Amino acid sequence: MSTALPINSHPGATARLPPGHYRIAAITDGDYALSQRGKAWVFDSNSDTLWASNHGLSGATTGRSGLQATTNDPDPFVLLDIDQQSPIDTQKYRYITVDMTLDQVPAQESGLLVWWGDQAGTVSNPSDFISVRAGRATYQIDLGRSPQWTGLVRALRIDPLNGPHAGQNIGLTLHSVRLTQAAGFQETVVYNDAPLHINARPTVEILSPSPEDGEDYALVEQGKAWAMQSGQVLRPELSNLLHWEYTTGIPDLQPTGAFFHATSRPATAGHTEGDPHVFLAFQENTHPIDANTYRWLGFDLYVPMDATAQSELTRGAVMRLAWKSNDADPGVTTDDIILRPGLQRYWFDMNKLVYEPATARTWADGVRYLRIDPLEFPESRSFYVGTAQLRSTPSARYVLPITVQLDDADGDLLNIRVLSGSTLLGQATELAPGQTHQVIANLAALPTGEHPITVEVSDAWSRVQRTALVPVLKLAANAPLPPAQIKSADRVFAWAQHLFGNTLGTGSASSQNHACLQNFPGAYGRNYATSGICLFTVDGLVLLTMPGGNLALAGMLSQLLNQAAAAGF
């Protein structure tokens with residue numbers, strides 16, 4: 001099968017081709033179907049015709065020999081497929097050539113006829129009859145002799161037989177049809193020696209670093225994640241809600257998980273929205289949110305709506321976030337955030353949200369009130385809020401594990417580079433697509449502060465880049481562990497002591513100054529002199545030094561904290 005690529009200026013457009021290797025050749029515009037439609041009328045597939053509109057043919061099939069069928073009507077015909085974006089210019093194309101085989105020619109046969117029209121699928125003007133004969137033959141008609149061959153033609157029909165006996169089970173094969181500028185023209189195709197390679201671009205999804213990698217405020221400071229368990233949404237009676245409940249299902253979607261399900265009150269007279277609230281923090285004086293540490297807010301939200309109706313957006317398919325520092329603070333509310341249909345996971349950088357009205361205030365200081373306003377419809381609407389998190393920016397001193405999901409539709413082995421700006425942090429080669437891979441980024445060349453992380457993936461042909469949603473905070477080598485990580489680490493250490501006390505023995509107080517940590521500047525941990533084990537954290541990892549100097553990885557601090565919290569630590 002051959003196809004022509006649309007041309008803009010000089011380069012050919014290859015977007016329609018699937019990945020693979022192709023023989024390529026330059027062609028002229030002498031043949032309408034090949035150059036303008038993109039494929040010659042050779043009837044090796046049904047798409048060369050308006051298949052459903054063909055008439056008077058039984059047992060019709062297409063293949064290497066063309067369209068084969070048997071007539072069953074006195075007026076059999078085949079409507080050719082024409083690209084309606086590139087109709088036939090009659091001032092340019094006028095000679096039609098039909099290559100056809102007839103098993104026999106019935107008595108009183110009038111011959112071959114071609115019809116055309118200026119509307120898609122509809123013909124109104126016929127050519128002269130051309131006598132036909134049994135066997136294979138090529139027939140040419142000069143359509144330009146007809147005064148009706150004018151303007152743009154959008155329908156072209158081939159009537160292989162016309163006569164009172166044309167439908168008497170006459171076997172025929174339509175091998176090809178050519179519409180050309182010059183009589184008898186046939187495109188000469190000379191293929192390039194080198195094949196054209198169409199490559200499937202590799203894809204990459206950055207799984208880590210992600211907003212879920214930093215310390216979780218609720219888990220670290222309050223001891224329990226915002227998992228939408230009973231009582232975790234605060235003061236619902238003050239939140240413009242008709243009723244509320246905690247549930248493990250959404251009837252429309254049947255997902256798994258825990259949700260706060262509520263129904264908003266209708267808007268009061270003179271107001272355009274019901275303005276329901278979901279408070280995650282309310283008069284939080286015991287553990288006010290340190291906005292300098294915790295800035296990445298994520299939560300699941302589902303608001304049932306008709307996503308096809310434009311009016312849903314204009315009437316209230318938006319949410320907002322709001323916070324304030326104390327009871328006297330008038331508070332800050334974001335601008336409208338458009339809701340997406342279905343159950344969605346939303347993540348926001350609280351440092352970069354747009355607030356209204358225009359204010360110079362930013363996410364800062366101690367936050368004691370934090371809420372989600374899930375919708376602004378004037379009538380009562382139900383909604384579901386799932387697990388919420390407020391996390392810190394991931395941080396590290398020396399190394400950062402980068403986890404990615406790689407794919408490549410044509411199965412090429414992939415190479416990746418991890419960068420921050422133009423600084424190379426790590427790389428790996430010949431990785432299999434369709435799998436998750438981890439590369440360790442070396443942060444030694446980066447100064448202290450926040451840095452974007454970019455992953456570049458390439459095969460032998462294409463290169464793509466993706467930047468992680470969150471940056472990484474590079475800490476100075478000897479800087480103390482951030483307070484949130486100290487709290488997390490001490491809870492994990494206490495859990496480990498509970499589980500493995502007989503093996504570990506009695507541990508010292510947590511510190512950065514233990515002798516066993518001298519080779520790990522910035523590490524924080526406990527020393528168990530009896531067993532010779534040192535349990536510590538650095539760069540978000542929890543590790544152990546064993547007797548004899550061996551180093552073992554216990555896991556990621558954030559993951560181990562989830563397990564410790566579930567165990568009551």
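The following dialogue works through how to read several features of a predicted model.

Me: What should I keep in mind about the source of these values?

Reply: This is a predicted model, in which local features need pLDDT of at least 70 and side-chain atom pairs count only at pLDDT 80 or more, while totals for chains, interfaces and linings use all residues. Residues are numbered from 1 along each chain as its sequence is written, and side-chain values use heavy atoms, with hydrogens and water left out.

Me: How many helices and strands are there in the protein chain, and what is its radius of gyration?

Reply: Helices (H or I, at least four residues) and strands (E, at least two) are DSSP runs numbered from the N terminus, and the protein chain has 5 helices and 40 strands. The radius of gyration is taken over C-alpha atoms, and the globule rule is 2.2 Å times the number of residues to the power 0.38; a compact globule of 569 residues would come near 25 Å, but the protein chain has 36 Å. The C-alpha trace spans about 110 × 70 × 45 Å along its principal axes.

Me: Where are Q108 and M228 found, and is each of them buried or exposed?

Reply: Buried means under 20% relative accessible area, exposed over 50%, and partly exposed in between, with a 1.4 Å probe and protein chains only. Q108, a residue other than glycine with a positive phi near 60 degrees, is found in the loop between strand 6 (95-102) and strand 7 (113-117), and it counts as exposed at 61% relative accessibility. M228 also is not a glycine and has a positive phi of about 60 degrees; M228 lies in the loop between helix 2 and strand 15 (241-247) and is buried, with a relative accessible area of 1%.

Me: Which peptide bond is cis?

Reply: The bond from S208 to P209 is cis, with omega near 10 degrees, and P209 is found in the loop between strand 14 (203-208) and helix 2 (217-222).

Me: How many salt bridges does the count come to, and what does the pair of D81 and R37 tie together?

Reply: A salt bridge is a side-chain nitrogen of Lys or Arg within 4 Å of a carboxyl oxygen of Asp or Glu, and by this rule the count comes to 26. One of them joins the side chains of D81 and R37 at 2.8 Å, N to O. D81 lies in the loop between strand 4 (78-79) and strand 5 (88-89) and R37 in helix 1 (residues 32-37), so this pair ties together parts that are 44 residues apart in sequence. D81 counts as partly exposed at 21% relative accessibility, whereas R37 counts as buried at 12%.

Me: How many aromatic pairs are there, and why is the pair of Y217 and Y294 edge-to-face?

Reply: Rings of Phe, Tyr and Trp (its six-membered ring) pair if their centres lie within 6.5 Å; planes under 30 degrees apart count as stacked, over 60 as edge-to-face and the rest as tilted. By this rule the count comes to 17 aromatic pairs. The rings of Y217 and Y294 have their centres 5.5 Å apart and their planes at 75 degrees, so the pair is edge-to-face. This pair links distant parts of the chain, with Y217 in helix 2 and Y294 in strand 19 (residues 294-302), 77 residues apart, and both Y217 and Y294 are buried.
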